[in-house]
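Biologist: Can you walk me through this model? I'd like to know how you read the elements before we get to residues.

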Amino acid sequence: MTQQSTVRASDPLLQPLSIKKLVLRNRIMSTSHACGLERDGFPQDAYQAYHEEKAKGGLALTMFGGSSNVDIDSPSIFQQLNVGTDEIIPHFQRFSERIHARGAALMCQITHLGRRGDPYAQDWLSPIGPSPIRETLHRGIPREMDEHDIARVVQAYGQAARRCEEGGLDGIETLASGHLIGQFLSPKTNHRTDRFGGSLQNRIRFALMVHEEIRRTVSDDFIVGMRYVVDEGIDGELSPEECIEAARILQQEGAVDFFNALYGSMDTSRSLSEEVFPGMGVPAAPWVGAVGRFKREVDLPVFHAAKLSDMASARFAVSEGHVDMAGLTRPQIADPHMVSKLLAGEEHRIRPCVGAGHCQSPHRPKCLHNAATGRELSLGHSIAKAETRRRAVVIGAGPGGLEAARVLAERGHDVSIFEAAPQPGGQLLLAASGWRKDLVGIVDWRLGELERLGVSVQCNRFMEPDDITALDPDLVILATGGIPQTEFGDGADLVLSAWDVVGRQVKPQGDVLIWDGTGRHPALLAAFSAMEQGAEVQLATIDTGVAEDLVYPEATRWQKDMAKAGLKPDGHLRLIRVNRQGNRLEATLLNELTHDHETRLVDQVVVEMGTLPMGDLFDGLRDGAANDGVTELHALKELRAQPRPRAGFELHRIGDALSSRNVHAAIYDALRLCSVS
């Protein structure tokens with residue numbers, strides 16, 4: 001018996017599942033999401049390649065088209081697909097051919113946004129809904145649908161389903177949570193008094209009409225499911241009992257072949273980031289128990305994805321009978337080859353999802369620490385061996401430096417990596433605390449890969465230019481990061497940096513003013529660290545509010561924590577001066593709205609303005625470098641080897657050694673530079 005056969009036979013995640021005539025090869029799937037790669041409303045090459053990588057990596061089912069729109073008054077507001085036109089069919093046909101050739105199944109989510117629509121997006125049409133109730137998150141006030149609207153949208157669902165089947169897909173799901181079907185179902189959003197409102201039997205009528213029309217337009221073998229809420233949570237009014245009762249009606253009427261279970265509401269940033277898409281700081285698999293209770297009340301397969309962060313969480317959910325299919329959606333953004341690694345007995349090598357939410361940013365589906373995801377047409381997920389072995393030296397073992405060393409070692413180069421600090425990780429070690437502790441997985445995974453590749457990180461090694469040139473390198477990568485910038489104006493010598501506080505180099509005491517000039521994490525980390533140490537904290541920001549440079553799940557978490565702590569930030573303030581006043585400090589702040597000045601008398605002033613590159617090492621090396629330390633940008637973008645105008649070593653800087661950016665930028669620098677070096 002081969003190793004794969006042994007693993008497959010013993011692991012509950014690797015058992016097949018049959019739905020009608022469709023046989024799914026294992027219990028691992030990727031659920032529908034708006035991956036941000038659509039072009040003109042269609043899933044074109046980049047979109048298809050992103051999903052094909054997961055199929056190549058071994059999953060059973062990849063669902064796509066998060067919130068694909070069935071009609072014109074459901075506009076594209078977060079880069080959705082348009083299933084309201086036959087023009088999408090050829091794209092589906094090519095897409096399904098590619099996925100099926102890899103042995104996986106393919107399904108699309110079709111929906112109407114209802115009240116979530118934006119009246120000023122796309123064709124400037126009024127949002128519609130069962131009742132004219134505004135949604136907090138998307139802000140539109142819908143027009144109450146009449147019978148003509150209902151008939152039109154029901155027909156649009158049916159035609160969208162037809163296009164999916166003609167496109168060769170294996171099935172579809174509708175969305176009954178927060179979108180139009182769910183808006184009819186929930187008493188929170190349905191206040192009607194006609195045959196579509198009031199009792200559960202009336203509120204579910206729209207869903208039954210939609211699915212009856214879908215069934216009428218597709219073949220009997222085509223799979224039709226529903227992404228379905230099992231409990232609307234604390235912001236909703238649809239109870240678990242009503243959710244079960246409604247599900248039984250859908251089942252009895254033959255409306256659906258599976259339920260894809262969700263928990264919570266979708267109409268606030270808190271519920272979206274904590275319940276529907278729980279991220280960093282939320283325990284693993286938070287709703288598996290609730291989904292399991294629902295599953296025991298229905299007789300159809302149940303899918304689920306919400307912080308199933310790793311194979312262990314998914315295995316528990318399946319083995320305990322809570323779910324039939326485990327949606328490892330964000331984990332497969334981090335590692336689309338996780339199933340093939342599981343089959344190869346290399347589960348320990350799966351790149352972890354750390355829950356940072358970067359894949360939910362405007363840059364989606366970019367993973368915070370897998371820069372290949374979403375770039376499959378250029379970078380890809382496999383590192384090719386180099387034709388010529390080179391001696392490479394990497395200085396700095398933060399995320400960017402570790403990635404550079406990993407990629408260069410995968411290329412087959414002789415790699416040495418040096419770190420001045422006692423341990424690798426850089427500033428990420430300071431950031432990985434509290435609810436953000438899972439960030440350390442970015443470091444730990446790379447250290448594990450370097451160990452496998454035979455590369456050891458040499459710590460406590462502060463390298464001078466002569467130390468580096470003595471190694472006779474062919475390639476030098478400087479990933480030395482940056483130092484905190486605090487030069488805001490007069491009195492800069494009197495302030496502390498946010499990292500002084502976060503790194504516990506200075507004890508906060510008395511009244512502490514923290515001024516945030518970036519909208520990133522450090523000022524907020526410093527604020528909470530100072531409060532934990534007993535300081536009285538004032539928080540001022542140059543932005544309208546806090547965390548404006550962060551993705552919405554992170555920003556929401558910080559805002560919630562501040563509300564609990566009673567910390568109220570003041571916005572639109574620029575720090576312009578700090579003076580000594582006796583044994584205290586007088587900080588002058590400019591209100592950028594009014595241009596009025598205000599002064600605050602405090603004991604300490606803490607400043608966050610990002611970082612500046614540490615340039616001494618670069619300046620000491622560039623005269624001896626073949627490229628004068630210049631990274632040719634067009635070659636970098638086009639993934640071509642860097643030019644070497646003269647003899648000597650190549651010298652490059654990545655990450656914060658160039659400019660103050662985030663972890664993804666540093667890792668992307670390393671991957672695209674080193675994958676062709």
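Modeller: Helices and strands are DSSP runs, numbered from the N terminus: helices are H or I with at least four residues, strands are E with at least two. This is a predicted model, where local features need pLDDT of at least 70, side-chain atom pairs count only at pLDDT 80 or more, and totals for chains, interfaces and linings use all residues. Residues are numbered from 1 along each chain as its sequence is written, and side-chain values use heavy atoms, with hydrogens and water left out.

Biologist: Why flag that?

Modeller: Because most peptide bonds are trans, and most residues other than glycine have a negative phi.

Biologist: What phi does Lys 20 have?

Modeller: A positive one of about 55°, although Lys 20 is not a glycine. Lys 20 belongs to the loop between β1 (17-19) and β2 (22-24). Its relative accessible area is 40%, so Lys 20 is partly exposed. The cut-offs: buried is under 20% relative accessible area, exposed is over 50%, partly exposed is in between, with a 1.4 Å probe and protein chains only.

Biologist: And Leu 639, what's its phi?

Modeller: Positive, about 60°, and Leu 639 is not a glycine either. Leu 639 is in the loop between α22 (633-637) and β26 (650-653).

Biologist: Switch to α4. How many residues does it have?

Modeller: Helix α4 (residues 147-166) has 20 residues. From first C-alpha to last it reaches 29 Å, close to the 28 Å expected at 1.5 Å a residue. The expected span is 1.5 Å times one less than the number of residues.

Biologist: What happens at the start of α4?

Modeller: A side-chain oxygen of Asp 146 comes to within 3.0 Å of the backbone nitrogen of His 148. Just after α4, Gly 168 takes a positive phi of about 90°.

Biologist: Which residues of α4 are buried?

Modeller: They include Ile 150, Val 153, Val 154, Tyr 157, Ala 161 and Cys 164. As background, an α-helix has 3.6 residues a turn, so residues three or four places apart point the same way.

Biologist: What does Arg 162 pair with?

Modeller: With Asp 86, in a salt bridge at 2.9 Å, N to O. Asp 86 lies in the loop between β4 (61-69) and α3 (89-101) and Arg 162 in α4, so the pair ties together parts that are 76 residues apart in sequence. Asp 86 is partly exposed at 41%, while Arg 162 counts as buried at 18%. A salt bridge here is a side-chain nitrogen of Lys or Arg within 4 Å of a carboxyl oxygen of Asp or Glu.

Biologist: How many salt bridges in the structure?

Modeller: It holds 50. Asp 71, Asp 73, Arg 143, Asp 149 and Arg 152 are linked in a network of them.

Biologist: What about Glu 650 and Arg 390, buried or exposed?

Modeller: Both are buried. Their side chains meet in a salt bridge (3.1 Å, N to O). Glu 650 is in strand β26 and Arg 390 in the loop between α13 and β13, so the pair ties together parts that are 260 residues apart in sequence.

Biologist: Which residue does Lys 341 bridge to?

Modeller: Asp 335, with the closest N and O atoms 2.7 Å apart. Lys 341 is buried at 13%, and Asp 335 counts as buried at 4%.

Biologist: What does the side chain of Glu 53 touch?

Modeller: It makes a polar contact with the side chain of His 337, at 2.7 Å. That term means N or O atoms within 3.5 Å; within protein, one must be able to donate a hydrogen and the other to accept it, and residues adjacent in sequence count only if both atoms are side-chain atoms. Glu 53 lies in helix α2 (residues 45-56) and counts as buried at 10%.

Biologist: Last one. Which residues form the nonpolar patch?

Modeller: Ile 483, Leu 612 and Met 614, with about 240 Å² of accessible area together. Areas come from the Shrake-Rupley method with a 1.4 Å probe; for residues, only the protein chains shown count as cover. Patches are made of residues with over 30% relative accessible area and no salt bridge: like charges are joined within 9 Å, nonpolar side chains (Val, Leu, Ile, Met, Phe, Trp, Tyr) within 5 Å. Leu 612 is in strand β25 (residues 611-613) and is partly exposed at 36%.
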